[in-house]
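Please look over the sequence and the structure shown here before reading on.

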Amino acid sequence: MKKVLTIVLVLSLLMGAVFANGTKEAAPAQAGVTTLKWALWDIASTTYYEPLITAYEAAHPDIKIEMLDLGSADFMTMLQTQLSGGDSSIDVVTIKDIPGYNNLVKRNLLLNLNDKIASEGVDLSLYGGTTDQISVDGKLYGIPFRSDFWLVYYNKDLFDKAGVAYPTNDMTFAQYDALARKMTSGMGADKVYGAHYHTWRSAVQLFGILDGKHTIVDGTYDFLKPYYEMVLGEQKDGIVQDYATLKTSSTHYSGVFYNNSVAMMNMGSWFIATLINQVAQGNTEVKNWGLVKYPHAEGVTPGTTLGTITSLGVSNASKKKDAAFDFVKFVTGPEGAQIVAKTGTIPAIKNEGVIQIIASKPGFPTDSASRDALQVAKTYLEMPLHEKSAEIEVVLNQVHDEIMTNNISIDAGIAKMNEQVQKILAK
Amino acid sequence: MPSKKSQLKKQLVAYSFIAPNFIGFAVFTMVPIIFAIALSFLHWDGSNPMSWAGVSNFVDLFDDDQFKASLKNTIVYSLGTVPLTLICSLFLAVILNQGIKARNFFRTVSFFPYVASLVAVAAVWNMIFNPSKGPVNMMLYKLGFSSVPGWAADKNWAMITIILFSVWKYMGYYMIIYLAGLQGINPELYEAANLDGTNVWQRFRFVTIPQLSATTFFVLVMLTIQCFKVYDIVYMVTQAGPGTATLVLVYDIYNKAFISWNLGSASAVAIVLFLLVLIVTLVQFNGEKRFTN
């Protein structure tokens, strides 16, 4: 009898273990309410999720939006792993970067939205050309809802203290370099660095693509040389903080800007909302800051900059595709854009009204140059849509790391990129 | 004599006790291994239909810079980490087996790196070894060294940094195993050696080391396997950089599988890693027969 009992116990434990995963699917659904799951990152520090969801649910009482936070650092990897495991519980997906988008499309995990865009009458002309940049053979698998671009943030107090005129919206790279050198001063704890490059490849390498003559997936990278020379020169002269130190100490770019140790910093527009918030809460030493357009190469229109697109798509495995698309349409549409802009974030629909909302947000710099800086002339994607972009990025990141830590000369590094990327392209 | 029925019942009970472990092993280890072997002969992105690749996944590895760098780095890492950890943990165990004061305190201290969260200690390690602001380089400066190593930021030092970190992290664990081994040595052997008029070194060389050979063998095999599988330490300390200076096989597998979604070639690397570990372990087992008593 005891033995039988033991067997029953062991078996029930086993059944429990084996089927534990299945039970959560059977959560009781409220009558008539459809729940959509939205995969995203950083719920706690992102200000626009809640108002978007609140607004949508208010207009659609029969829909409930549930957020699924997959974390920021590995978001695209996590998302792709979930979706390729056949997870049908995710309905709406946020697409963080282009290599990840490309993989999702290639792997057939996203719904082709063309039919729905046509039948629901979504006006793609509102998106300033960004939808063309993410079309694959004329098919669109996501609609942009954020369209960030790179700017130069600067610390007004440091410029005032040094008696140097603020940077302007029309700065060549040579002028930018000279200004950074002029603004560098002090020693030890009082040291002020003229500029700051975060450890991302995009913060340095992509200066090279702004003249529109090259892309980062070309397979030849000789055009990067002058920019690496400029940045490594600044690094050597102590104008910017050392890449190796920043990387091994995992220093976040926000910290150095908050504590008055850098005069200028090139960074994406996503930092505007965070900066306004942190300054308002008194968490920063920096009080007065401004924005100007990205520096440009000789002969290139000011306002030419790098961009990243964040889009929303519908999972191919979702069982509620129609409802999911309706939510995507709302968030990416004009109404969603207003809500996103109110939090200080740049939406993909970037018309005069939206710029007005961001620039008039309390805490946004009041000078006209900062406001004008939000007007962009031409944006190049950080990573254009390319079949091999994920693989190419691995090589570019590695060599960039070697160049910035002075473990390889600029010429040898460029030769290495040329060789290895061409090999990937030839495969 | 027990009837056939009760015999069967007994067996069922026995199987039911093995079952939880075995089902876990089958589902989470055996099936994935078999699947990985199959995958290494296929092209698959994890979603679209698979297609037959033959041996092309393996052939391509010969011309794959990422794979070649990671293979070399994994071997260098293992060659550096295994002997160093072995010597350090044996040394620690012998010292902490003596009747010194606060013995348990020191044992705990040396075991601490093994139980401490890797994420936390790697962050601290990176601060201590920061090339321009870290206390280690400050001290080296003060001692008069004019050019100090760049540690994790220098491609010639990054692997050394990883090896030192691993030795520090693992030696406490293997020290415990050695301590158990030391306590299993019959004290009479030392008494006899004493009567023969041996000195400390001779007793260590001719009593301790031979008596510990079985333990040493175990430590050697476990360490080697652990070293070939290294990923977490590299991820936390150098992110495989600078460039590919600390790119190891498992890191390459991750990149191929989850960045490029090339599961076939990722599995091919995994098979190479498996064969490598298998060969090294077989060689070690062979050697055991000769050098263990």
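In which sense, parallel or antiparallel, do strand β1 (residues 34-40) of chain A and β3(A) pair? They pair in the parallel sense, over two bridges; two strands pair if DSSP finds at least two bridges between them. The model is predicted, so local features need pLDDT of at least 70 and side-chain atom pairs count only at pLDDT 80 or more, whereas totals for chains, interfaces and linings use all residues. Residues are numbered from 1 along each chain as its sequence is written, and chains are lettered from A and ligands numbered from 1 in the order in which they are written.

- Helices (H or I, at least four residues) and strands (E, at least two) are DSSP runs, numbered from the N terminus.
- Strand β3 of chain A spans residues 92-95 and is covered on both faces.
- V92(A) and T94(A) on one side, and V93(A) and I95(A) on the other, are all buried (20 or more other C-beta atoms within 10 Å of the residue's own, with C-beta atoms placed from the backbone).
- V93(A) in β3(A) stands opposite A39(A).
- With strand β9 (residues 304-314) of chain A, β3(A) pairs in the antiparallel sense over four bridges.
- In β9(A), G313(A) is the bridge partner of V93(A).

**Domains of chain A**
- The domain assignment gives domain 1 (35-148 + 307-359) and domain 2 (150-305 + 385-426); such bounds come from an automatic or database domain assignment.
- The C-alpha centres of domain 1 of chain A and domain 2 of chain A lie 28 Å apart.
- The contact takes 15 residues from domain 1 of chain A and 13 residues from domain 2 of chain A, where contact requires C-beta atoms, placed from the backbone, to lie within 7 Å.
- On the side of domain 1 of chain A that touches domain 2 of chain A, α4 and β9 of chain A each give two or more residues.
- α4(A) gives the most to that side, with four residues.

**Chain A against chain B**
- In chain A, 31 residues are in contact with 32 residues of chain B.
- Elements giving two or more residues to the side of chain A that touches chain B include α1 (2-23) and α4 (98-106) of chain A.
- α17(A) gives the most to this side, with seven residues.

**Confidence**
- The mean pLDDT of chain A is 89, and 93% of its residues reach 70 or more; pLDDT is the predictor's confidence in each residue, from 0 to 100.
- Over residues 5-28 of chain A, pLDDT stays under 50.
- Where pLDDT is low, the predicted coordinates should not be read in detail.

Note on methods:
A residue is buried if 20 or more other C-beta atoms lie within 10 Å of its own, exposed if 12 or fewer, and partly exposed in between; C-beta atoms are placed from the backbone. Two residues are in contact if their C-beta atoms, placed from the backbone, lie within 7 Å.
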